[in-house]
Amino acid sequence: MSLVVVGSMAFDAIETPFGKSDKIIGGAGTYIAWCASNFTPVKQISVVGGDFPQSELDALTARGVTLEGVQVKKDEKTFFWSGRYHMDMNTRDTLDTQLNVLANFEPVVPESYQDCEFLMLGNLLPSVQRSVIEQLKTRPKLIVMDTMNFWMEVAMDELKKTLAMVDVLMVNDSEARQLSGEFSLVKAAAVIEKMGPHFVIIKKGEHGALLFHENKVFFAPALPLEDVFDPTGAGDTFAGGFIGHLAKTRDISFENMKTAIILGSAMASFCVEKFGTQRLREIGKSDIDARLEQFVQLVNFDIDLV
């Protein structure tokens, strides 16, 4: 049984208060694959143009990522995004978006992906995400979906149709409020659960993440870091750590999702340390174990109630 990841593979050009990158490799699917492949083999579904470096595809293959589901459109260009981050690193301005091959992307699920037990839907047009679910002959054990405010503004009906088919939704706090119409995140999660997902993960950037399921709530902190160079892809890396752990353990209980959220937070803390996917390419199991230990120390305390 396998983990299938759907998401963009792209070029990014990024400016932050601490530096500027030329055109580098990005895309939700890329970050998720680089991260999740630390825990389990990945089967990727995406689309790239003829300008996407073969060396990048080879690097993912070497990491245990199957690329049979990645369409290469030789005569077209890869999706491109350029942005500039403000000093707080939570807000950013989009400078340029070129959809290119993503504009008419119609994913095709290869026969070899039909053993999909875990499905991670990276942020894409909701109808594209739904198309992948509908192509699978057997419903996966767990379907996790990421989305964004843009789809809430231009494709809300499509988004709700897809939401009704997934088990876990990942959004940030402002997106949760926009989707639900509730300011309280507790109320927002309850409203979203009624739309379909049994679990709701609300990401709060440098302030951690919340997991909601029925009347249960779990909070995972983010690791305080001295240097945050580039937050691009941190949410996707979080998703990769989360789904990677669940696929490895094949345990989708609320208790195990707590561990998965901590792992996701740990992986995201690596992502922001360098531009693009660079840091994710450098780390190994010993780095991840050491970072997890830092998380344990961060939240570990004894208390005597007087």
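1. Let's start with Met87, which is exposed in this predicted model. The relative accessible area of Met87 is 63%, and the residue sits in the loop between strand 7 (80-85) and strand 8 (92-98). Met87 also belongs to a nonpolar surface patch with Phe18 and Phe229. Together, these three residues have about 330 Å² of accessible area.

2. Strand 7 and strand 8 pair antiparallel over 6 bridges, and Trp81 stands opposite Thr97 in strand 8.

3. Strand 7 also has strand 2 (residues 10-16) as a partner, in this case running parallel and joined by 5 bridges. Here Ala13 is the residue opposite Ser82 in strand 7. Is strand 7 enclosed or open? It is largely enclosed by the rest of the structure, because 5 of its 6 residues are buried.

4. Now for the open sheet, which has 9 strands in the order 6-5-1-9-10-11-12-13-14, with mixed pairing. Its edges are strand 6 (65-73) and strand 14 (216-220), each pairing on one side only. On average, neighbouring strands in this sheet are turned by 15 degrees against each other, ignoring direction.

5. At the strand 14 end, strand 13 (residues 209-213) pairs with strand 14 in the antiparallel sense, over 5 bridges. His213 stands opposite Lys216 in strand 14. The loop between these two strands holds Glu214, which has a positive phi near 55 degrees without being a glycine. Glu214 is exposed, at 59% relative accessible area.

6. Helix 7 (residues 185-194) lies across strand 11 (168-172), strand 12 (199-203) and strand 13. Against strand 13, helix 7 runs at about 50 degrees.

7. Another non-glycine residue with positive phi is Arg250, at about 55 degrees. You'll find Arg250 in the loop between helix 8 (234-249) and helix 9 (254-271). With a relative accessible area of 45%, Arg250 is partly exposed.

8. On to charges: the whole structure has 17 salt bridges. One of them joins Glu158 to Arg130, with the closest N and O atoms 2.6 Å apart. This pair links distant parts of the chain, 28 residues apart: Glu158 is in helix 5 (residues 156-163) and Arg130 in helix 3 (residues 126-135). Arg130 is buried, at 12% relative accessible area, while Glu158 is partly exposed at 26%.

9. Glu158 has a salt bridge with Lys161 too, at 3.5 Å from N to O. These two are 3 residues apart in helix 5, so about one helical turn separates them. Lys161 is partly exposed, with 45% relative accessibility. Elsewhere, salt bridges with shared partners tie Glu273, Lys274, Arg279, Glu282 and Arg291 into one network.

10. Finally, check the salt bridge between the side chains of Lys203 and Asp146 (3.6 Å, N to O). Buried or exposed, then, for Lys203? Lys203 is buried, with a relative accessible area of 14%, and Asp146 counts as buried too, at 5% relative accessibility.

Terms used
Residues numbered from 1 in each chain as written. Predicted model: local features only at pLDDT ≥ 70, side-chain atom pairs only at ≥ 80, totals over all residues. Heavy atoms only, no water. Pairing = 2+ DSSP bridges. Helix = DSSP H or I, 4+ residues; strand = E, 2+ residues; numbered from the N terminus. Axes fitted to C-alpha atoms, helices over the stretch in contact; angles between N-to-C directions. Contact = heavy atoms within 4.5 Å. Patch = residues over 30% accessible without salt bridge, like charges linked within 9 Å, V, L, I, M, F, W, Y side chains within 5 Å. Areas by Shrake-Rupley, 256 points an atom, 1.4 Å probe, with all protein chains shown as cover. Salt bridge = Lys/Arg side-chain N within 4 Å of Asp/Glu carboxyl O. Buried < 20%, exposed > 50% of the residue type's maximum accessible area, 1.4 Å probe, protein only.
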